[in-house]
Amino acid sequence: MSAAEVAPAGQGVPAQARRQVPARFFRSELLLIFGRRRNWVGGLILISVPVILAIAVRASPPSGGESAPFLDRITGNGLFVALAALVLEMPLFLPIAVAAIAGDSLAGEANLGTLRYLLAVPVDRARLVLVKLGGIVVFTVAATFLVAGVGALLGLALFGGGPLVTLSGSTVPFGEGAGRLLLICGYVALCMVALGAIGLFISSLTEQPIAATTATLIVALASQIMDQIPQLSAIGPYLPTHHWLAFGDLLRDPIGYDGVRPGAASALVYLAVFGTAAWARFAGRDVGS
Amino acid sequence: MTDLAISSSGLTKRFRSGQVAVNAIDLAVPTGAVYGFLGPNGSGKTTTIRLLLGLIRPTAGDHSLLGGPMPREAAQVLPRVGAIVEGPAFHPYLSGLDNLRRLDAADRTVDARTASARIGAALDRVGLRAAADKRYHHYSLGMRQRLAIAAALLRPRDLLLLDEPTNGLDPQGTREVRALLLELAQAGSTVLLSTHLLSEVEQICTHVGVMHLGRLVAQAPLPELRARTAPRGAVRTPDPDGATRVMTGLGLTEVAAVGDLVTGVLNGVVPETLVAALVHGDVPVRGFEVLAGNLEEMFVELTGEGFDVSG
């Protein structure tokens, strides 16, 4: 059998087929992320928080006093299960999930040795960084909406919906309340994507995915710790985590933008800077694994 | 247009540690050749293949594949090149089939509609169809090697760079792969076969390049390289002392007797002269042979006797 019998050569490919191919590789990347059992287990851990929260509040409703943010509002409107879960997961659980995926992105392929085979296909290095970043974005958005979605559905089932009382004390219709929740999910996802870009850059520096994941997580935690130290308040606004919890603004009436606008801007800057840094680093690197 | 599938000039790789893994090599692999790329462990073969594919950047020198200067024309050239670099590497929790699908999806120059047909054909060629749905994690070393070969054959290739493709295969698999390589070569593909198995080279290669300590110490068509090794006369006799005396007298060098076998470098002495001299000297001759072009001897001569890997 001659080599030519196996398939037509690349030269004869119609332009239409060529256009759909980048999407093909991206789909393969998503399959890699969402087909992995480890990531499903991570998803289960993420949704355990709203589930436990809803059941606990249902079993013993809070009676005023000190409690986690939004917790005391859950009995009034089930959507607050989603909001409380996001507040609880933002400092650690969501960053762990994002760091696991982002740290694995380039370093994981390098560690397995699959990186050299992808580059020999050839996959352009800039394209590979872009596809990896795209995978991180899709995963992060999915994880955020998973937490909020499970929280909202379970909350509505256990506590009902109806008009939502804003943090300013006024009441907005249920539809607008749900819209506010979507807006908050978008903001949270954007903040996490920025962390993912940092993780992608770190992942381009090493061939050890665990090291990249750990380092990314350390960035997230160290940033939150530094943000707590008054003597460091001068650099506070520039830390990647500084604006993470500003999404409460989106629950005011009218919506406040004092925290989320710089927060969104900061996340976009981190995304651009570290996405570019990952590309710059990876484009010139010797792949010796 | 050039008739070299691979050419390099002064290709050099010095690692940050200061080690010169590849030292100013001038590869010339003619189109259509099966080029045996020989060398001891650590002599720079794999680093050379990495350089050729553009995975690492040379410290000095340049090269081209299929007439296209690299890495500038990598996007045009590499789709026509299939490669195995330093053994198989796939995602362990994906099946063999899904791993091939991923690599095929990454190639933006192929037609997605022919993907299943091409992947199926590649799996058939390496006899892996039955295990295609198993997770790679559960594959044996031989199956992994076969999958790597299948990945190199996902589409017709004009050039194959294969780093020890028969490593880990059972004798049956080794024979199948050699037959497959010959078939591909006959169909017009150029093959660079990195190996340390000399029998493999003798069986299927048309050209040989020998690496030693990062240098390309020999490069020639196989028959030409064989002819370089000095032919030896070998006499089987019950009187080794007598044979040694006669052979030394005729001007043979490196005469050595092992049991009833006496060998020596002929140095231009024609075999019939030697046999006649032996008979005249009353040395009984039970057998006579000219040993020419022993590849193993040549290899050891070029790369040294030492058992240690090249540093």
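The contact between the chains takes 34 residues from chain A and 38 residues from chain B. Residues are in contact if their C-beta atoms, placed from the backbone, lie within 7 Å. On the side of chain A that touches chain B, α1 (3-6), α2 (15-34) and α6 (114-120) of chain A each supply at least two residues. The largest share, nine residues, comes from α2(A). Helices (H or I, at least four residues) and strands (E, at least two) are DSSP runs, numbered from the N terminus.

This is a predicted model: local features need pLDDT of at least 70, side-chain atom pairs count only at pLDDT 80 or more, and totals for chains, interfaces and linings use all residues. Residues are numbered from 1 along each chain as its sequence is written, with chains lettered from A and ligands numbered from 1 in the order in which they are written.

Now turn to chain B. An open sheet of four strands runs in the order β13-β14-β12-β15, with antiparallel pairing. Strands pair if DSSP finds at least two bridges between them. The edge strands, β13 (253-258) and β15 (287-291), each pair on one side only. Strands β12 (residues 232-236) and β14 (residues 261-265) of chain B pair over five bridges. Here B:Val235 stands opposite B:Val262.

Next comes helix α9 (residues 240-250) of chain B. Its buried residues (20 or more other C-beta atoms within 10 Å of their own, C-beta atoms placed from the backbone) are B:Ala243, B:Val246 and B:Met247. They cover an arc of only 95° around the axis, so they sit on the same side of α9(B); the arc is that of the directions from the helix axis to the C-beta atoms. Their cover includes β12, β13, β14 and α10 (271-280) of chain B. Just after α9(B), B:Gly251 takes a positive phi of about 105°.

How values were computed:
Contact = placed C-beta atoms within 7 Å. Buried ≥ 20, exposed ≤ 12 C-beta atoms within 10 Å, placed from the backbone.
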